[in-house]
Structures are given as structure tokens and as C-alpha cells.
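This report looks at selected salt bridges and at one strand with its neighbours. Please keep the structure in view while reading.

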Amino acid sequence: AGSGKFFVGGNWKCNGTKDSIAKLISDLNSATLEADVDVVVAPPFVYIDQVKSSLTDRIEISGQNSWVGKGGAFTGEISVEQLKDLGCKWVILGHSERRHVIGEKDEFIGKKAAYALSEGLGVIACIGEKLEEREAGKTFDVCYEQLKAFADAVPSWDNIVVAYEPVWAIGTGKVASPQQAQEVHVAVRGWLKKNVSEEVASKTRIIYGGSVNGGNSAELAKEEDIDGFLVGGASLKGPEFATIVNSVT
Ligand code: G3P
């Protein structure tokens, strides 16, 4: 860990019921969390209100996606205004499941980020290569292209956290090694330095996601350019998520 305050997000994805989420909230409320860490959870939209009303204010809330502009006649979408109304401070954009399962494209994701930022939400901007792209030696190119789409669209990086999530590591139990993650984080920082500014490069937190758990987070957190985590499966277990938060070094 190096740049700024350590940041740990729990992406609950499309999981949970009122009962399982009540239990998770109660576990999170009773967990001891290191003070010097930003902690955020992203529940499914339909449970955000439940989470907001019972989760400790120590933990901030994020949407898992948001509409590209002001709300209105967009069936099935959730607007930035609505996320703010429910108390969200963040939104995850460009997650690989939205890119590769739902089919969202770079430019659309960039526009979403710009709109969310303009309305005052922080953006967890996800990037990452697929296995075949890694095997073809295209990891950096893919990450740079996805970063560029964000950079072309946003006026400022003040409220952005970059999440590097190699697609082959998501939900597979195949975590990137600390060296593999560090190598890409350094490249991302280098790209920001060259294409945005030295200040943005040194201040922007770059977090890692992909099969992070209570057993591997401490090793990853030792790397200089890993400034936190975006956690999927292991964030559904309160005590394990707390262990990951507390792996800050
Ligand atoms: O956004 C978090 C993520 O995609 C990683 O998921 O289950 O591999 O921790 P998981």
C-alpha cells in the first residue's frame, strides 16, 4: 500500500436476501475495523435502504451501477440521483460483469463516470483484462484503453478510485500473485502520470480485485502500489471482510 488512505470495497453483486443481509450488517456492525481505511459496501439496489438504515456510518455505501444521465423514462435503470437520495457516496462503474456479460462499452462507461462525478458521487472505476488477452500479451494495452475511456470523459480524478480486476481472477479462486497485481498497478500509475498528470498518478488509489480473501489479502497489501481491494465473494462474510479491511500495512 502506498498512495493515500487504504480503500476496501465489498461488492455484494446480485446476492442476498433481507435475512442474509441483516446478518451481514450485524456482523459488520460488530467488527473491529482499522481506523485508517475507507470502507465501502455495494449492496444490490433493492437492499440499499435496508443497509443504510441499519449499517454503521463507519462504512459508506456504493451503488453497483448507475444510469448514464439524469433519470427518467429508462425502464429498469437506477439513476445517480436515486443513489444519492438513498445515501450512497460511491458507484462502481465498468465492472467486468457489466462489460462482458451485459455488453457495456468503454465510451458509455466513461459517460456514466462523468455524470456520476458531476453529481458528486465517487466512482470506483474498474478495468482489467480477460485471460485470452493476458495470454496474448495484451494486458497493459487493454487496461490502458479502458483507462483512456475514463480519462477522455472525466474532468477530474479527485473522486475516482481505480480498481484493477483481471477477469480471469474474478470469482475463480485464482487470485493474481502480488507480483502480477503490482506490475499492472505500476503500469496504471505510469499511464496516469504520462496521460493525466504526475499529481493524479501519485494521489489516485489503485485497488485490486479478483479472488481476494482473508488468507491472501495481507500479502497483496504489502505491495507498494496496491492501495486497497475490491472484494466480491469474501465480502459476503462479515468477519472475513473485516480481516481484509484490517490487512492494511
Ligand atoms: O468487484 C469484485 C470482484 O469482481 C471480485 O470478485 O468474488 O473474485 O472477489 P471475487
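## Salt bridges and an enclosed strand

Lys222 is exposed, with a relative accessible area of 53%, in what is a predicted model. The salt-bridge partner of Lys222 is Glu219, with 2.7 Å between the closest N and O atoms, and Glu219 is partly exposed at a relative accessible area of 45%.

| Salt bridge | Closest N and O atoms |
|---|---|
| Lys222 and Glu219 | 2.7 Å |
| Lys203 and Glu199 | 2.5 Å |
| Asp225 and Arg189 | 2.6 Å |

By contrast, Lys203 and Glu199 both lie in helix H9 (residues 198-203), four residues apart, about one turn of the helix; Lys203 counts as exposed at 56% relative accessibility, whereas Glu199 counts as partly exposed at 49%.

Strand S1 (residues 6-11) has six of its six residues buried, so it is largely enclosed by the rest of the structure. Phe6, Val8 and Gly10 point one way from S1, and Phe7, Gly9 and Asn11 point the other way. S1 runs parallel to strand S2 (residues 37-42), to which six bridges join it, and the chain passes from S1 through helix H1 (residues 18-30) to S2 in a right-handed β-α-β crossover. Strand S8 (residues 228-231) also pairs with S1 in the parallel sense, over four bridges, and Val231 in S8 is the bridge partner of Gly10.

Definitions and conventions: Residues are numbered from 1 along each chain as its sequence is written. This is a predicted model: local features need pLDDT of at least 70, side-chain atom pairs count only at pLDDT 80 or more; totals for chains, interfaces and linings use all residues. Side-chain values use heavy atoms; hydrogens and water are left out. Buried means under 20% relative accessible area, exposed over 50%, partly exposed in between (1.4 Å probe, protein chains only). Helices (H or I, at least four residues) and strands (E, at least two) are DSSP runs, numbered from the N terminus. Two strands pair if DSSP finds at least two bridges between them. A crossover is right-handed if, with the strands pointing away from the viewer, the path from the first strand over the helix to the second runs clockwise. A salt bridge is a side-chain nitrogen of Lys or Arg within 4 Å of a carboxyl oxygen of Asp or Glu.
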